Amino acid sequence: MVSLGPALAEDQGPIKIGVIAEAQAVAGSSIPQAAQIAADEINAKGGVDGRKIEIVSYDNHSSSAESVRAFQRAVNEDHVNAVIGSYISEVVLALEPWAGRLKTVFITPGAASDVITQNIAKDYEHNKYTFHGYLTSGALSGLVCDAAKDMLVDGLKMKTAVIMSEDAAWTTPLDAGYEVCLPKIGLKVLDHIRFSPDTTDFTPIFNKIEGQKPDVIITGVSHVGVQPTVQWKSQQVPIPMFGIASQATNSTFWKDTNGATEGVVYQGVSGPGVAVTPKTLPFVDAFVKKFGNDPSYCGYTAYDDVYIIAEAIKRAGSLDSDKLVDAMEKTDYVGTIGRIEFLPQGDPHVHGLKTGQGFITGLMLQWQNGKQINMWPAALANGKLEFPSFVKIASGGN
């Protein structure tokens, strides 16, 4: 173990990590649960040089205002040493200036807006305390296009697409990325639909898309998920859905949609039954054993984030925030989602995750018969694409 500097060695109380998350949300509930598993594992092995990690959780009820109050309380009253927070970009963007103001290391396990890392690049000295523990929307669009090239264009000879995304901070750069990369891989974009996250009736949207006869619907949905999926099935929309569908990453989504998610293809940083790294499946097993369901996408990252913070504290030999930032920037950690390194100063997405071969590539999974089956990349695939009978594949498949 790393020997600690006097500042850390003197105080033998627990190292506190605050977790601010959407505990009532399908995706968000995995964040505090996964963080606790990581803390328990680290503590079972002696903690950080003998000091236990204590997770202090706050339910933000998906509210930016409640999140800010929780962050202030976590730092000023509960004296946490770092904060893991939220899968909602608007929440993280509200917390980012507070991480700077209160000089507290803050990492998001699930928000995707490129603006989070752009803010760090614009004002590094103030915003350097924020780290992006998940993929930016721009990176996500690139990974979805990589998969679409292999699976849809080369594999199924598809030629046209409609982008369908919720109107939210995180989808603005996602959709901009889609509009650039989809034509490059050979998918002509026929239309680009952005709908309010408050939409309850997707019939007119699906009617419009059906009229355009695209080969595929490329999605960007997170705050919604159940409603469009259920209506896609009940309306028997003959076009496959492929892209980002955050709620679909959670194993409860089959039950939540009463099986309507059958055939939906979605991006994930990890997934059940897929050994992205040697750490992936042991984590999933521990999560299922404790909570009875698989983690959502931000469960994997929240688990990794606790280890990243713990290792940074060891390397820094201190709980001083500036020293902790320096140590976090030197992260080279193989987690459940791949090899994790942060982009350096000077990069337009400083503190974002490195992506691509050797780092984070992501997966494309499909719901089949109540199970999440990985389809891509080929080296990690454990099944073949299958669509419900109402879906018509342009190349003459189902």
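Helices here are DSSP runs of H or I with at least four residues, strands are runs of E with at least two, and both are numbered from the N terminus. By that count, the protein has 14 helices and 14 strands. You're looking at a predicted model, where local features need pLDDT of at least 70, side-chain atom pairs count only at pLDDT 80 or more, and totals for chains, interfaces and linings use all residues. Residues are numbered from 1 along each chain as its sequence is written, and side-chain values use heavy atoms, with hydrogens and water left out.

**Whole view.** Zoom out: the C-alpha atoms fill a box of roughly 70 × 40 × 35 Å along the principal axes. Colour by burial and you'll find that 59% of the 398 residues are buried (under 20% relative accessible area, 1.4 Å probe, protein chains only).

**The sheet.** Now select S2, S1, S3, S4 and S5: in that order, these five strands make an open, parallel sheet (two strands pair if DSSP finds at least two bridges between them). At the edges sit S2 (53–59) and S5 (130–132), each pairing on one side only. From one strand to the next, the twist averages 20°.

**Inside the sheet.** Next, pick residues 82–85 (S3) and 105–108 (S4), a parallel pair with three bridges. Click Ala82 and look across to Val105 in S4, which stands opposite.

**The helices.** Show H3 (64–76): this helix packs on the sheet, touches S1, S2, S3 and S4, and makes about 150° with the direction of S2. Touching means heavy atoms within 4.5 Å; angles run from 0 to 180 degrees between N-to-C directions, with axes fitted to C-alpha atoms, for helices over the stretch in contact. Finish on H2 (30–44), lying across S1 (15–21), S2 and S3 and running at about 170° to S2.

How values were computed
Buried means under 20% relative accessible area, exposed over 50%, partly exposed in between (1.4 Å probe, protein chains only).
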